[in-house]
Amino acid sequence: MSSVKSLQTEFPETIEIINKNPSYTYNEKNEKKKIIKDLLKKYDAKIVAHYYVDEDIQEIAEETGGFVADSLEMARFGAKQSSSTLIVAGVRFMGETAKILSPEKKIIMPVIEAECSLDLNCPYEDFKEFCKNNEDREVVVYANTSAKVKAIADWVVTSSIAVKLVEHLHSNNKKLIWAPDKHLGRYIQSVTKADMKIWNASCIVHDEFKSEALKKLKNENKDAAILVHPESTLDVIALADVVGSTSQLIRACKELPNKKFIVATDNRIFYKMRKSAPEKILIEAPTAGKGATCKSCAHCPWMAMNNLDNLINAFHSNKNQIYIDKNTQEKAFKSTNKMIEFAKNLV
Ligand code: SF4
């Protein structure tokens, strides 16, 4: 991790900001936060962060009028902002979604290389071919896809509204293609009974939660409610008291009467859960089966790439900007905006 000193040397603008602020007498983390706050003001920028990024970034986003949310809320918030620049702390498809919805804004990311296994395993050319072979089907893609994949979809959805949207399409006799998350697809299919052709990809984090170990943990904590993100496998979902998107799980933690929760999603969500329900006890769902040595890998490696250092660097580097060609952006806007309009009618 770079020191504040090396950041100052690397980026003279930062020195300028520090010189104007003789009050920099905090420890290094707080100094970095002060630098970020000044840079946000200088560049008319807001941070939009996902629940799975480091809690320092979530904290600074909230302290500076930015936002911490799931991908649907991140997209909505970004589109409503008057700031000319958005710093999207998350993974690449989130930055692209922000650009799709706000093409006039400058979208920068702390780490442009932060990917998502769902996005990576749904390449545009292959998916286009798959759609071509199933032309009678409406194409519904999860938000965790590239802008090019969104551009050939009829609908984009996030986990918070996926069941409702598929229910709606199914009630209108639509047959569907679902991509890319097979676990979420199978879960939606089991709830809605819709006719869905499901792409074969999964989230490397949620794939790791193990049902046998989860049962054992539940036996040891009988009073705990189990909260599960639907990107997990069906046998883990079957053990859940609540299945939902990150926002829905945070709400459940606050609203359910249980004092204790076993949580099967990225463990950085604990920051928000603790803030909204400080009296609750949170336990990570086990990610290892019998005999495995790793008991706690519930954190996305790409989300983990975001930190205060690369957030500062992002202001100064031309490499951290998201660009999408106009044709792709316009097509992807249609399918993504349909999700936002559909979600409005649910509230
Ligand atoms: S947690 Fe899974 S779905 Fe979310 S960004 Fe990481 S790999 Fe993708």
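A crossing of two helices is left-handed if the near helix is turned anticlockwise from the far one by less than a right angle. That term applies here, in a predicted model, to helix 3 and helix 16, whose crossing is left-handed.

Start with this pair. Helix 3 spans residues 28–42 and helix 16 spans residues 308–316. Their axes come within 10 Å and cross at roughly 25°. Angles under 35 degrees count as roughly parallel, so helix 3 and helix 16 are roughly parallel to each other. From helix 3, the residues K29, K32, K33, I35, I36 and L39 meet L308, L311, I312 and F315 of helix 16. By class, this contact holds seven nonpolar and three charged residues, with no polar ones.

Now turn to helix 6 (residues 92–101) and helix 17 (residues 326–344). Here the axes come within 9 Å, and the crossing is roughly 95°. Helix 6 is therefore roughly perpendicular to helix 17. T97, K99, I100 and L101 make the contact on the helix 6 side. Helix 17 contributes Q329, A332, F333 and T336. Four of the contact residues are nonpolar, three polar and one charged.

Next comes the ligand. Around the ligand lie 14 residues, of which C116, S117, C203, V205 and C300 come nearest. The shell divides into 10 nonpolar, two polar and two charged residues.

Finally, consider confidence. The chain has a mean pLDDT of 89, and 89% of its residues reach 70 or more. Over residues 17–26, however, the pLDDT is below 50. This stretch has 10 contacts in the model beyond near neighbours in sequence. Where pLDDT is low, the predicted coordinates should not be read in detail.

Note on methods:
Residues numbered from 1 in each chain as written. Predicted model: local features only at pLDDT ≥ 70, side-chain atom pairs only at ≥ 80, totals over all residues. Near = placed C-beta within 6 Å. Nonpolar A, V, L, I, M, F, W, Y, C, P; charged D, E, K, R; others polar. pLDDT = per-residue confidence, 0-100. Contact = placed C-beta atoms within 7 Å. Axes fitted to C-alpha atoms, helices over the stretch in contact; angles between N-to-C directions. Helix = DSSP H or I, 4+ residues; strand = E, 2+ residues; numbered from the N terminus. Parallel < 35°, antiparallel > 145°, perpendicular 65-115°, else oblique.
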